[in-house]
Amino acid sequence: MDANEVKRLCTLGENSKVQYKLVVDDPSKIAKEITAFANHRGGIILVGVEDKTGVVKGLSYEQVQRFSRDIGNAANEWVRPTVYLHTETVSVDGKTVLAVHVDEGKNKPYKDLGGNIWIKQGSDKRRVTENAEILSLFQESGSFRPDERGVRNTTVNDIDLLLVSDYLDKYYGKQASDFGLTLEQLLQNLQILTAAGQATLAGLLFFGKNPQRFEPAFEIKAVSFFGNDMGGVDYRDSRNITGTIPRMFSDGMAFLNANLHHLQAGQSFNSVGKLEVSELALRELLQNALVHRDYLEQAPVRIMLFDNRVEIVSPGGLPRGIEVEDILFGRTKQRNPLMAAFCARTMDYRGLGTGILRARKEERSLRFENIDGGQFKAVIDRPGDFRAIPDYLHQRSVGGSPVSDHCVHEELVLPPPVSSRPDVLRACPSLSPKVAGDANRLLAFCRYSYQGVLEMMAAVGYTSRTSFRRKLLTPLLEAGMLELEYPHSPNSPKQRYRVRLVAM
């Protein structure tokens, strides 16, 4: 630091990174300043500068020596755990200023001798008393991970063993019995259960039978608005999306697919069409919002569609020490490592910090807003005004009356059947040409998320389960065009189906 830098800091005034002190005469007061900086993002204390005015008064040689010693003692003896500082002296127009650099602490939260936790708030500081904020400081230091905590009142009975079995098969190529452990021991080793027998938060959200029974705030609220104002009460579609993270992800993508416009973009007349914004970008942003959100915040992830933009909002903002500029260059800081590990093993997720880079490459209009301690918002501009979306894609909701959470409604007016597609008939030779249009429509409906038989029947207008299975479901399954959510239990009453995640 040189004289010009000190002058610049004195001209700009005190803020959350810079504090002025004319003298150091009370170790308890300077300990509070050191604690506040260490618990925040670090900062500089300029000693020899008049408080409030920023006028450089300077220090004598004896004052520099004494204040340096007193500040070091305060950091060592009046702060817990100890904070390590570095100091330097700068000559400013013949006057000596002592610059004390306090780095952001790695062992938060830091306390003064009275046990008080201080944090910077603008140019001042405040005492932290809320449990959630204290836990957030532990989270930043890595000594507390919300995704590994046990969820109160949960047991092994709240874990869906079909999901666990599918996970073991996909990731390890084994079944539970192959490990030679009891079920509880295996789930504890996988960090699905804690040693006390409770479901971990990550375990519940990836393998739980009904995660929102215990954590109702951890859902997706998705709304498609008329116009560009989220304050409006008139909207096309509104859903509360619940379930495990993989299911919320697939259902969230289904919501986006149903409410965004599809462009033919040079594709054949009978094709489903290309989404108006990049599907890859949406997938990356939604996965990031679900996995890397702050799970200390009791708030849902939000998907909001407007006529001119798409917004995906994640609670909690970016982790401390990470700015928007950092993520644009691939820098990452995992807030929920267990969540990220499960996601990497069960979803199309890499966990390398490159998702934002891929999304930005796909969508040049993509931009971010990070509100400290509040929310992290990703915004993509829509390429045009698509208010005139076909009525069959939406059930209009007016005056705050939400549309049913299901993807299919009994009132749904289906579009005219498309003509037979040779590629579908070639891929599925047992399919009758008479129902090729229904098959196209069914594949489009199941493209982004698993769907149950009743929902699938409603989507293509069938009332007989036997006829639906014989004419559509069985041929598409035999041709490998649909996949089961629970492949190890094909006759499960929970069974749902989705288009296979491979190119056809």
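**A close look at the sheet**

Reply: Happy to! Strand E9 (residues 220-225) and strand E13 (residues 301-305) pair in the parallel sense over five bridges; two strands pair if DSSP finds at least two bridges between them. Strands (E, at least two residues) and helices (H or I, at least four) are DSSP runs, numbered from the N terminus. Before going further, please note that this is a predicted model, in which local features need pLDDT of at least 70, side-chain atom pairs count only at pLDDT 80 or more, and totals for chains, interfaces and linings use all residues. Residues are numbered from 1 along each chain as its sequence is written, and side-chain values use heavy atoms, with hydrogens and water left out.

Within this pair of strands, valine 223 stands opposite methionine 304 in E13. Now step back to the whole sheet: it is open, with six strands in the order E10-E9-E13-E14-E16-E15, and its pairing is mixed. At the edges are strand E10 (235-241) and strand E15 (367-371), each of which pairs on one side only. From one strand to the next, the twist averages 10 degrees.

What packs on this sheet? Helix H10 (residues 279-292) does, touching E9, E13, strand E14 (309-315), E15 and strand E16 (375-381). Here contact means heavy atoms within 4.5 Å. The direction of H10 makes about 20 degrees with that of E14; axes are lines fitted to C-alpha atoms, for helices over the stretch in contact, and angles run from 0 to 180 degrees between N-to-C directions.
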